[in-house]
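This briefing describes one protein model, grouped by topic. Please consult the sequence and the structure shown below alongside the text.

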Amino acid sequence: MTTLASDLTSQTLAKYIDHTILAPQATPEEVEKICKEALEFGFCSVCVNPVNIPQVAKLLAGSDVVTCSVIGFPLGAIPTALKCAEARWVVAEGAGEVDMVIPVGQLKAGDVDYVKNDIAEVKKACGEAKLKVIIETCLLSDEEKKLACQLSKQAGADFVKTSTGFMSGGATAEDVALMRAEVGEEMGVKASGGVRTHADALKMIEAGASRLGASASVAIVTG
């Protein structure tokens, strides 16, 4: 699944990108601007907080740009039942992809059954929507990263994702390569958090990322 930078045009690079606006102070006007950019440049999706999903789904209706929502964001520290309710709501409102945060504390405590069930139940709640699992790599050891990937794969998730972008660190090429090696070729790997330039994006893709989360998406494809 590793892609060579020399094979990518601006148009094909755009298809890797979830154009993202997750700041709590993001206004409807700013969300609309992101949607217009996604339609103009052909990004894969627009990724927003749940409150913005109805607006985004309406603005993107009829296009091939996917509506994507985060849930349990940014901490992942809410009960599984609430994550499931959140997932069902955003999907009903038009989300075609859902990015959930794992319960990091339970993972670090070794409660693998809780973490696996958390992911599996959210996957079930997503129905036909794709599920990406944010493991928050900056908080984990390499062994914990591998375990989080294994549990995500076992639970039926579609992607593993590096980061929320709200913690002390974001995506690194090393973490992307580790995650790709752990999940194999059949799952997606999303690099998110700190992917700001064209060079950053190419580095992540060459390390094995099949999706990128970025707010600097226009600069990435035009830079």
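The buried residues of helix α8 pack against α7, β6, β7 and α9. Here, buried means under 20% relative accessible area, exposed over 50% and partly exposed in between, with a 1.4 Å probe and protein chains only, and contact means heavy atoms within 4.5 Å. Helices (H or I, at least four residues) and strands (E, at least two) are DSSP runs, numbered from the N terminus. The model is predicted: local features need pLDDT of at least 70, side-chain atom pairs count only at pLDDT 80 or more, and totals for chains, interfaces and linings use all residues. Residues are numbered from 1 along each chain as its sequence is written, and side-chain values use heavy atoms, with hydrogens and water left out.

**Helix α8 and its contact with α9**

- The buried residues of α8 are Ala173, Asp175, Val176, Leu178, Met179, Arg180 and Val183.
- Helix α8 (residues 173-183) packs with helix α9 (residues 198-207) at an angle of about 25°, and their axes are 8 Å apart. The angle makes α8 roughly parallel to α9; angles under 35 degrees count as roughly parallel, over 145 as roughly antiparallel, 65 to 115 as roughly perpendicular and the rest as oblique. Axes are lines fitted to C-alpha atoms, for helices over the stretch in contact, and angles run from 0 to 180 degrees between N-to-C directions.
- The crossing of α8 and α9 is right-handed; a crossing is right-handed if the near helix is turned clockwise from the far one by less than a right angle, and left-handed if anticlockwise.
- From α8, Ala173, Val176, Ala177 and Arg180 meet Lys203, Met204 and Ala207 of α9. The residues of this contact of α8 with α9 comprise five nonpolar, no polar and two charged. Ala, Val, Leu, Ile, Met, Phe, Trp, Tyr, Cys and Pro count as nonpolar, Asp, Glu, Lys and Arg as charged, and the others, Gly among them, as polar.
- Lys203 is placed in helix α9 and counts as partly exposed, at 46% relative accessibility. Between Lys203 and Ser163 there are 40 residues in sequence and 16 Å in space, C-alpha to C-alpha.
- Gly184 follows α8 and has a positive phi, near 80°.

**The barrel and its strands**

- Eight strands form a closed barrel in the order β1-β2-β3-β4-β5-β6-β7-β8, with parallel pairing. From one strand to the next, the twist averages 25°.
- Two strands pair if DSSP finds at least two bridges between them. Strand β6 (residues 159-161) pairs with strand β7 (residues 188-192) in the parallel sense over three bridges, and Lys161 has Lys190 in β7 as its bridge partner.
- Strands β1 and β2 run parallel and are joined by four bridges; Asp18 has Ser45 in β2 as its bridge partner.
- In a regular strand the side chains alternate between the two faces of the sheet. In β2, Ser45 and Cys47 point one way and Val46 and Val48 the other, and all are buried.
- Strand β7 is mostly covered, with five of its five residues buried. Gly188, Lys190 and Ser192 lie on one side and Val189 and Ala191 on the other.

**Helices on the sheet**

- Helix α2 (residues 28-41) lies across β1 (17-21) and β2 (45-48), and runs at about 165° to β1. Helix α4 (residues 80-92) packs on the sheet, where it touches β3 (66-71) and β4 (97-101), and its direction makes about 160° with that of β3.
- Helices α2 and α3 (residues 53-60) pack at an angle of about 35°, with axes 10 Å apart, and their crossing is right-handed. Pro28, Val31, Glu32, Cys35 and Leu39 of α2 make the contact with Gln55, Val56, Leu59 and Leu60 of α3. The residues of the contact of α2 with α3 divide into seven nonpolar, one polar and one charged.

**Backbone features in loops**

- Most residues other than glycine have a negative phi, and most peptide bonds are trans.
- The peptide bond from Phe73 to Pro74 is cis, with omega near 5°, and Pro74 lies in the loop between β3 and α4.
- Glu136 is not a glycine, yet has a positive phi of about 55°. Glu136 belongs to the loop between β5 (130-134) and α7 (142-154) and is buried, with a relative accessible area of 1%.
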